[in-house]
Amino acid sequence: MKPRTELSLKLFELMCERGYDRGLADLVSRNLNTDFTARRMIGYLKYFDHPSDEEVVDEMLAILSDRNRIMQKKECEASNARWNQILAMGFDNEDDDI
């Protein structure tokens with residue numbers, strides 16, 4: 001896992017301030033270790049009064065699922081762009097980095 005961002009650390013602090021177990025807060029902030037994912041969880045926690053531990057974990061999994069879907073979409077878009085370039089230029093002119 002990559003190191004936590006500043007927002008991930010703020011998420012950890014927010015969860016501790018709200019009375020969540022430090023172990024759960026650590027688990028959530030380590031898994032949501034990007035600004036995008038941490039910001040989404042912070043928004044979730046601020047919108048709802050005090051979701052249960054199970055609801056927090058469920059939201060964490062949903063956020064990670066969304067993030068993976070976005071990453072797959074971007075990978076597919078890059079592959080599609082490269083394929084379109086090959087079709088436009090032909091196979092004889094392709095670079096060695098494929």
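This is a predicted model: local features need pLDDT of at least 70, side-chain atom pairs count only at pLDDT 80 or more; totals for chains, interfaces and linings use all residues.
Close-up 1. Once neighbours within four places in sequence are left aside, the residues in contact with F91 are W83 and I86. F48, which stands 43 residues from F91 along the chain, has its C-alpha atom 54 Å from the C-alpha atom of F91.

**Close-up 2. The packing of helix α2 against helix α4.** Helix α2, covering residues 22-31, packs with helix α4, covering residues 53-89, at an angle of about 10 degrees, and the axes of the two helices are 10 Å apart. Because angles under 35 degrees count as roughly parallel, α2 and α4 are described as roughly parallel to each other. On the α2 side the contact is made by L24, L27, V28 and N31, and these meet D53, V56, V57, M60 and L64 in α4. Sorted by class, the residues in this contact of α2 with α4 are seven nonpolar, one polar and one charged.

**Close-up 3. The largest nonpolar core and the contacts of L45.** The largest nonpolar core has 19 residues, of which L11, M15, V28, L32, M41, L45 and V56 touch the most other members. At least two residues of this core are supplied by each of α1 (6-17), α2, α3 (35-47) and α4. For L45, with neighbours within four places in sequence set aside, the contacts are with L11, L14, M15, R18, Y20, P51 and V56. In soluble globular proteins, nonpolar side chains tend to be buried together.

**Close-up 4. V57 and E77, two positions in helix α4.** V57 has its place in helix α4, and E77 also lies in helix α4. With a relative accessible area of 26%, V57 is partly exposed, and E77, with a relative accessible area of 40%, is likewise partly exposed. Between the C-alpha atoms of V57 and N80, which are 23 residues apart along the chain, the separation is 34 Å. For E77 and M15, which are 62 residues apart along the chain, the C-alpha atoms are separated by 36 Å.

Close-up 5. A disulfide is a covalent bond between the sulfur atoms of two cysteines. The structure holds zero disulfides.

Technical notes:
Residues are numbered from 1 along each chain as its sequence is written. Side-chain values use heavy atoms; hydrogens and water are left out. Axes are lines fitted to C-alpha atoms, for helices over the stretch in contact, and angles run from 0 to 180 degrees between N-to-C directions. Helices (H or I, at least four residues) and strands (E, at least two) are DSSP runs, numbered from the N terminus. Angles under 35 degrees count as roughly parallel, over 145 as roughly antiparallel, 65 to 115 as roughly perpendicular and the rest as oblique. Contact means heavy atoms within 4.5 Å. Ala, Val, Leu, Ile, Met, Phe, Trp, Tyr, Cys and Pro count as nonpolar, Asp, Glu, Lys and Arg as charged, and the others, Gly among them, as polar. A disulfide is a pair of cysteine sulfur atoms within 2.5 Å. A nonpolar core is a set of buried Ala, Val, Leu, Ile, Met, Phe, Trp, Tyr and Cys residues joined through side-chain atoms within 4.5 Å. Buried means under 20% relative accessible area, exposed over 50%, partly exposed in between (1.4 Å probe, protein chains only).
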